[in-house]
Amino acid sequence: MPRVIGNKIRKTGLFSYLIAFSLILVACTARNRIEGYIYYRLNSNPTTLDPALVNDVQGGTISAKLFNGLVRLDRNLMVVPDIAERWETGERGASYLFHLRRGVKFANGLEVTARDVKFSFMRILDPRGKSANSWVLDKIAGAKEFIRGEATDVAGITVIDRHTIEIRLERPFSPFLYLLTMTAAYVVPEEEVRKLGPDFGTHPVGTGPFAVKRWDHNSELVLERNDRYFEGPAQVKGIVYRVIPEDLTAVTEFEIGNLDVLTIPAYEYSRYRTSSRWSNLVASAKGLNTYYLGFNCARPPFNNFKLREAVACAIDKGKILRTFYDGRGRLAEGPVPDLLRKWEVGAPRRYDPERAKRILKEEDKVTRPIQFYVTSDPEVVDIAEIIQSYLRKVGLDVKITQLEWSAYKAALNRGDEDMFWISWWADYPDPENFLFPLFHSSNHGAGGNRTWYTNNEVDRLIEEGQAAGDAEERDRCYGRAENIIVRDIPWVSFWHRTDFTIRQPYVKKYRIYPIYTIDKGTEISF
Amino acid sequence: MNCYIAKKVALLVPLLFGITFITFALTNALPGDPVYNLVGERSTPEIISKVRKEIGADKGIARRYVGYVSLLLTGEMGRSYFTNRRVLDDIVAKFPNTLMLALGAMVIAVPPGMLLGLIAALKKGRFADRVISAFSISLLSVPVFWSGLLLMLLFGLVLKLLPPSGTGGLRYMLLPAITLSLPALGTIARVTRVSVLDVVDMPFIRTARAKGIASSRIKAVHILKNALIPVVTVIGLDFASYLNGAVLTETIFGWDGIGRFTMEGIIKRDYPVIMGCIIVGTTLFVLSNLVVDILYYYIDPRVRIRGTDR
């Protein structure tokens with residue numbers, strides 16, 4: 001305690017405090033980078049990088065840089081060799097013989113063998129494991145018995161020799177190779193997984209073009225280039241993923257050059273699009289996704305087709321897309337995204353509020369408010385309110401219930417709601433991915449069919465498409481199935497969102513892909 | 001004194017058990033289910049029940065509680081459902097960041113806060129008092145998400161002096177620490193002012209003046225020291241709450257502290273993380289209050305005398 005606290009001390013005290021403060025400020029700079037590394041933003045810390053456990057886009061995006069599968073997708077969404085240099089398909093698409101490249105090494109120096117592939121696949125199916133991705137590989141013969149604990153081995157996976165592995169399916173399944181491009185089917189080293197146990201998700205060891213150098217959880221994840229990558233080293237020395245939860249903070253970091261590429265937050269979209277400095281640095285990719293308004297078709301009021309039709313006619317989704325959504329998407333004709341559809345969709349419902357009113361007049365009056373469930377995402381809540389106001393105009397009373405994501409999913413899986421808003425993003429680029437999980441009656445609730453839609457004809461067509469070896473036959477089945485779905489309106493398909501990113505002018509060869517597993521990070525450069 | 005501290009520490013044990021019970025019951029009563037966050041978009045009842053079993057959520061709440069408490073007694077806090085990492089390791093890693101931010105905020109807030117409060121009290125009713133009062137009330141009323149963003153835009157984007165976000169040394173800490181310090185500075189200035197005004201008119205100050213002690217010494221020793229008790233209480237409470245994390249500030253500035261960690265745990269229903277954070281947070285809160293109590297003992301002779309009387 002100073003003995004004197006007169007004016008003099010008061011002034012000098014305050015003064016030196018301010019001086020110290022200013023000195024610290026002057027000594028600082030806002031820029032902070034490792035030379036040769038490319039900087040990306042993550043909204044939140046990736047939960048895990050163990051391919052068996054990853055179930056979010058962030059984890060999947062990073063895992064793609066660390067691991068490889070037997071096959072992968074190229075930029076045209078075609079299946080191309082990855083760890084497997086070639087393969088032969090037999091039994092009309094029910095068996096596959098994969099020949100592995102020689103000399104592909106994990107970051108620990110050990111060569112990838114067919115045994116590692118088998119181990120990785122069995123790990124996904126293991127009934128004692130925590131992986132929730134067993135559906136990716138459960139088409140393999142004997143997988144279901146293994147999952148149920150009735151078998152100790154998966155009969156359909158056979159290691160022929162060190163570099164050859166055979167996979168037999170229960171029955172032909174046309175999108176099987178696509179499934180093998182997914183994160184869950186990445187190959188992991190048996191020794192490391194056994195050694196690290198649950199810590200493998202934090203210290204992943206893979207074959208990819210990058211390896212984890214440092215992970216300060218919730219702050220920064222640094223990947224370092226793997227110079228021995230079997231397709232040649234990446235152009236950049238490494239990748240830094242910075243965890244920045246707040247959009248405005250990320251925009252600031254980007255503008256002062258601490259981030260090189262940024263997914264544009266919705267509210268910044270028009271500014272970057274129209275700015276002379278940035279507009280030619282904006283990249284876009286048509287996303288493989290569908291945003292939709294779902295109905296609970298299993299109970300009143302929306303078990304009545306007429307009421308679903310009335311709702312579909314009451315909402316001007318084109319206007320919502322143009323105005324509220326700033327045109328950041330393409331209007332959806334049906335559930336299958338335009339990029340994957342090779343057929344016509346007949347007569348989706350157009351905006352016609354008079355028709356909606358007429359239908360509502362003819363039908364029994366809905367006596368209680370319609371329970372509309374949404375997540376608490378602010379953008380979703382805004383859309384829900386817009387939909388609510390459209391429906392109010394035709395005489396439908398809608399009550400919006402906002403729920404946290406897991407509570408929302410639990411409620412949908414139970415079928416508590418009348419109507420809900422959600423989106424579906426492709427796991428792989430096949431129409432089957434937008435039909436089977438979402439409309440097949442075996443997937444009611446948690447499987448993906450949250451409208452509880454049941455139509456035997458649709459079930460049959462989807463199954464025929466899955467089994468068809470011929471692409472034309474497949475498209476015919478899927479096309480017919482989608483047309484029936486559009487006619488029955490278990491959903492109102494709204495739009496397919498387009499993703500936009502912005503990059504720094506010095507970033508070269510940057511591309512944005514519709515599916516995150518495509519980007520191995522090897523091309524981008526300065 | 002030792003007996004006093006021992007009593008306070010002993011009280012911590014039943015308190016913590018009470019807290020584990022309440023927190024456990026409350027987290028389990030929350031709507032939502034971690035399993036649905038773990039299984040992704042495409043699952044089957046079999047996958048759901050497998051994952052539920054794997055994380056031990058298939059057992060009854062009583063069995064899970066007993067299991068958790070026995071785990072705690074071995075010095076463990078379990079692993080996160082999502083990251084599979086040890087909760088204790090994560091808390092230990094994040095705590096220094098939180099502590100640094102809390103200390104930084106206090107270093108920035110306390111000296112000017114007390115000084116402003118003292119000046120305002122000594123110039124009561126005059127222009128300086130009005131300006132300081134208005135200033136401290138506005139600091140108190142400005143929400144951190146607004147002041148934080150403004151500071152970030154000014155120092156990060158416009159002046160390019162400080163990194164807008166990240167966790168690290170002093171230069172990363174400055175912006176979040178200033179943001180966090182602003183409301184505390186306002187509170188401290190207000191409380192100091194009121195408290196000094198209470199003391200100024202006390203008979204012992206008149207006595208001191210009558211004895212001819214220098215005015216500056218009266219201000220520094222007699223007034224300020226006797227006005228400290230409420231100020232120390234406020235500082236202690238603010239500090240303890242910062243030790244439990246400052247979610248908004250940490251989120252805006254991407255600061256890797258306990259607040260964000262707890263919040264993410266709550267959003268994902270990651271029960272081991274929620275429990276671990278709350279237990280550690282409560283302990284720190286209680287300990288911080290204990291330190292304040294001990295400080296009273298030294299600042300206020302009345303506390304000492306009452307202590308010896310007993």
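Start by selecting Glu473(A) and Arg476(A): the two form a salt bridge, with their closest N and O atoms 3.1 Å apart. A salt bridge here is a side-chain nitrogen of Lys or Arg within 4 Å of a carboxyl oxygen of Asp or Glu. Both residues sit in helix 16 (residues 471–488) of chain A, three residues apart, about one turn of the helix. Helices (H or I, at least four residues) and strands (E, at least two) are DSSP runs, numbered from the N terminus. Glu473(A) is partly exposed at 30% relative accessible area, and Arg476(A) is partly exposed at 38%. On this scale buried means under 20% relative accessible area, exposed over 50%, and partly exposed in between (1.4 Å probe, protein chains only).

Before you move on, a word on what is loaded. This is a predicted model, in which local features need pLDDT of at least 70 and side-chain atom pairs count only at pLDDT 80 or more, while totals for chains, interfaces and linings use all residues. Residues are numbered from 1 along each chain as its sequence is written, chains are lettered from A and ligands numbered from 1 in the order in which they are written, and side-chain values use heavy atoms, with hydrogens and water left out.

Next, select Arg33(A) and Asp260(A), whose side chains meet in a salt bridge (2.8 Å, N to O). This pair links distant parts of the chain, 227 residues apart: Arg33(A) is in the loop between helix 1 (7–26) and strand 1 (37–42) of chain A, and Asp260(A) is in the loop between helix 7 (247–255) and strand 11 (261–263) of chain A. Which of these partners is buried? Asp260(A) is, at 0% relative accessible area, whereas Arg33(A) is partly exposed at 25%.

Now go to Glu190(A) and Arg115(A), another salt bridge (3.0 Å, N to O). Glu190(A) belongs to helix 6 (residues 190–196) of chain A and Arg115(A) to helix 3 (residues 114–125) of chain A, so the pair ties together parts 75 residues apart in sequence. Glu190(A) counts as buried at 12% relative accessibility, while Arg115(A) counts as exposed at 55%.

For a network, select Arg72(A), Asp82(A), Arg101(A) and Glu231(A), which are linked by salt bridges. Over all chains, the structure holds 52 salt bridges.

Centre on Tyr373(A): its bridge partner in strand 16 of chain A is Thr401(A), and in strand 17 of chain A it is Phe420(A).

Finally, zoom out to chain A, with its 16 helices and 18 strands. Its C-alpha trace spans about 85 × 65 × 45 Å along the principal axes. Of its 526 residues, 59% count as buried.

Definitions and conventions:
Pairing = 2+ DSSP bridges.
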